[in-house]
Amino acid sequence: MKREGIIKNRQFIADKRWFLPITVAGLIAGAILISSSMKTTDYSLVCSLSKSRSGTINEFSTTVDQLKAIIHYATSRIVPQQNFREISVTFDVLQKRSPCNFLVFGLGYDSLMWTSLNPGGNTLFLEEDPKWIQTVLKDAPSLRAHAVKYRTQLKQANSLLAHYKSEPNCHPSKAYLRGSHKCKLALTGFPDEFYDTEWDLIMIDAPRGYFPEAPGRMAAIYSAAVMARNRKGSGATHVFLHDVDRKVEKGFAREFLCQKYLVKSVGRLWHFEIPPAANLSSHAGHRFC
């Protein structure tokens, strides 16, 4: 290849690396415009978030967070874990539901983006690695994150499914999370905010699930299903699960999040809309799906 061709090829690759960060910055800028045009809208019918905070302070801090996010992604070559098409699935829902309660399993390069796309809302991140939390918060101190511990390992996935089927406290009719020590799939020992908040959107992109001793996402998927079914507010709970190309994520999603509630599949992301159990004409008995 001639020198001119090599230079052009390198420039093309560099341009591709910049595409996603700049596109994300554009999404956040769009969110600012949307939130600005909807300041006087009553969100009480679409989100369970409390409106007790001061509007003036909230709007100011939201704008600052969004502007910081734009600068961050527009000047960084580090891209979010998800691609543009996958990000757009959650963004489309946030446009309709924000400001809302948004729970994210995992803290990473995309965290500032998710907070910024939920202006005025409550976005909380759950991360298994305390040192990684310190690293991320050093560059983005406005993010809200909790260090959490999981009591499962990926290599236990099959035995955990068998346990769920035989343990009555895991069944949907009796399922709860806080203090549910008999059900090994229930997330216990988490911060009170995790249990006390009714989450409108739940993103599962963690914990790690790519080696046998990793926590795996089995408990996160099960617990998201329990929280969605136990929802007291109006509307469905939106659950987004990433890395569905992996066996465990796909299998546990079909067992607990249910194929019938899958509304969109893009790349390695599945989007579910799960109604509260109170809205179901018939209950699943011992099974979620």
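Predicted model: local features only at pLDDT ≥ 70, side-chain atom pairs only at ≥ 80, totals over all residues.
Residues are numbered from 1 along each chain as its sequence is written, and side-chain values use heavy atoms, with hydrogens and water left out.

Back to D200. Its side chain also makes a polar contact with the side chain of R231, at 2.9 Å. You'll find D200 in the loop between α7 (192-196) and β4 (201-204); helices (H or I, at least four residues) and strands (E, at least two) are DSSP runs, numbered from the N terminus. Is D200 buried or exposed? Its relative accessibility is 0%, so D200 counts as buried. Buried means under 20% relative accessible area, exposed over 50%, and partly exposed in between (1.4 Å probe, protein chains only). S98 is 102 residues away from D200 along the chain, yet their C-alpha atoms are separated by 9.4 Å.

Next, the strands. β1 (residues 101-105) and β2 run parallel, joined by five bridges; two strands pair if DSSP finds at least two bridges between them. L103 stands opposite L124 in β2. To get from β1 to β2, the chain passes through helix α4 (residues 111-116), and this β-α-β crossover is right-handed. Right-handed means that, with the strands pointing away from the viewer, the path from the first strand over the helix to the second runs clockwise.

On β2 there is another parallel partner, β3 (residues 145-147), paired over three bridges, with F125 opposite A145. Here too the β-α-β unit is right-handed, made by β2, helix α5 (residues 130-139) and β3. In a regular strand the side chains alternate between the two faces of the sheet. In β2 (residues 122-127), six of six residues are buried: N122, L124 and L126 cover one side, and T123, F125 and E127 the other.

Helix α3 (residues 84-97) has 14 residues and spans 20 Å from its first C-alpha to its last, close to the 20 Å expected; that expected span is 1.5 Å times one less than the number of residues. At the start of α3, a side-chain oxygen of N83 comes to within 3.1 Å of the backbone nitrogen of R85. Among the buried residues of α3 are I87, V89, F91 and R97.

Finally, the disulfides. How many are there? The count is two, taking a disulfide as a pair of cysteine sulfur atoms within 2.5 Å.

| Pair | S to S distance |
|---|---|
| C170 and C183 | 2.1 Å |
| C258 and C289 | 2.0 Å |

The torsion about the S-S bond of C170 and C183 is about 115°, so that disulfide is right-handed. C170 and C183 are both buried. The link of C258 and C289 has -95° about its S-S bond and is left-handed. C258 lies in the loop between α9 (247-257) and β6 (262-266), and C289 in the segment after β7 (269-274), 31 residues apart. C258 is buried at 2% relative accessible area, whereas C289, at 42% relative accessibility, counts as partly exposed.

Methods:
Polar contact = N/O pair within 3.5 Å; in protein donor to acceptor, adjacent residues only side chain to side chain.
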